[in-house]
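Please read the following briefing alongside the sequence and the coordinates.

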Amino acid sequence: MRLINRSKESPVGRIACDLAIKAHLEKFGDYGKQGVVTDYMVRAEGAKIRVEVKNGKESYVATAMTGQRRLKCLPRECGRE
């Protein structure tokens, strides 16, 4: 099982992702159901940061939601065709 931290720009985001991955690993174990996305609200260094953790086939990927999301990153069901 690989634990991937996608927060590169912010050191606070990196800490938040590490905390969220630890909580996710405790909740789902080594291999959770593939394709599940779970959101965590993590307090790191006085800041409250939302972290999204996705279950992959052989990995958990954590991304800190610190900035705005691009419209092209939204799922297809949300109006994009």
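In which segment does methionine 1 lie? Methionine 1 lies in the segment before strand 1 (2-5), where strands (E, at least two residues) and helices (H or I, at least four) are DSSP runs numbered from the N terminus. This is a predicted model, in which local features need pLDDT of at least 70 and side-chain atom pairs count only at pLDDT 80 or more, while totals for chains, interfaces and linings use all residues. Residues are numbered from 1 along each chain as its sequence is written, and side-chain values use heavy atoms, with hydrogens and water left out.

**Surface patches**
- Met1, Leu3 and Tyr31 make a nonpolar surface patch of about 300 Å²; patches take residues with over 30% relative accessible area and no salt bridge, joining nonpolar side chains (Val, Leu, Ile, Met, Phe, Trp, Tyr) within 5 Å and like charges within 9 Å.
- Methionine 1 counts as partly exposed because its relative accessibility is 31%, given that buried means under 20%, exposed over 50% and partly exposed in between (1.4 Å probe, protein chains only).
- Arg2, Arg6, Lys8 and Arg14 form a positive surface patch, and arginine 14, which lies in helix 1 (residues 11-28), is partly exposed at 36% relative accessibility.

**Backbone**
- Glutamate 45, in the loop between strand 2 (37-44) and strand 3 (47-55), has a positive phi of about 55° although it is not a glycine.
- Glutamate 45 counts as exposed, because its relative accessibility is 65%.

**Strand 2**
- Threonine 38, found in strand 2, is buried, with a relative accessible area of 10%.
- Beyond its neighbours within four places in sequence, threonine 38 is in contact (heavy atoms within 4.5 Å) with His24, Lys27, Phe28, Val51, Glu52 and Val53.

Definitions and conventions. Accessible areas come from the Shrake-Rupley method with a 1.4 Å probe; for residues, only the protein chains shown count as cover. A salt bridge is a side-chain nitrogen of Lys or Arg within 4 Å of a carboxyl oxygen of Asp or Glu. Lys and Arg count as positive and Asp and Glu as negative; His and the chain ends are not counted. The place of a charge is taken as NZ of Lys, CZ of Arg, CG of Asp or CD of Glu.
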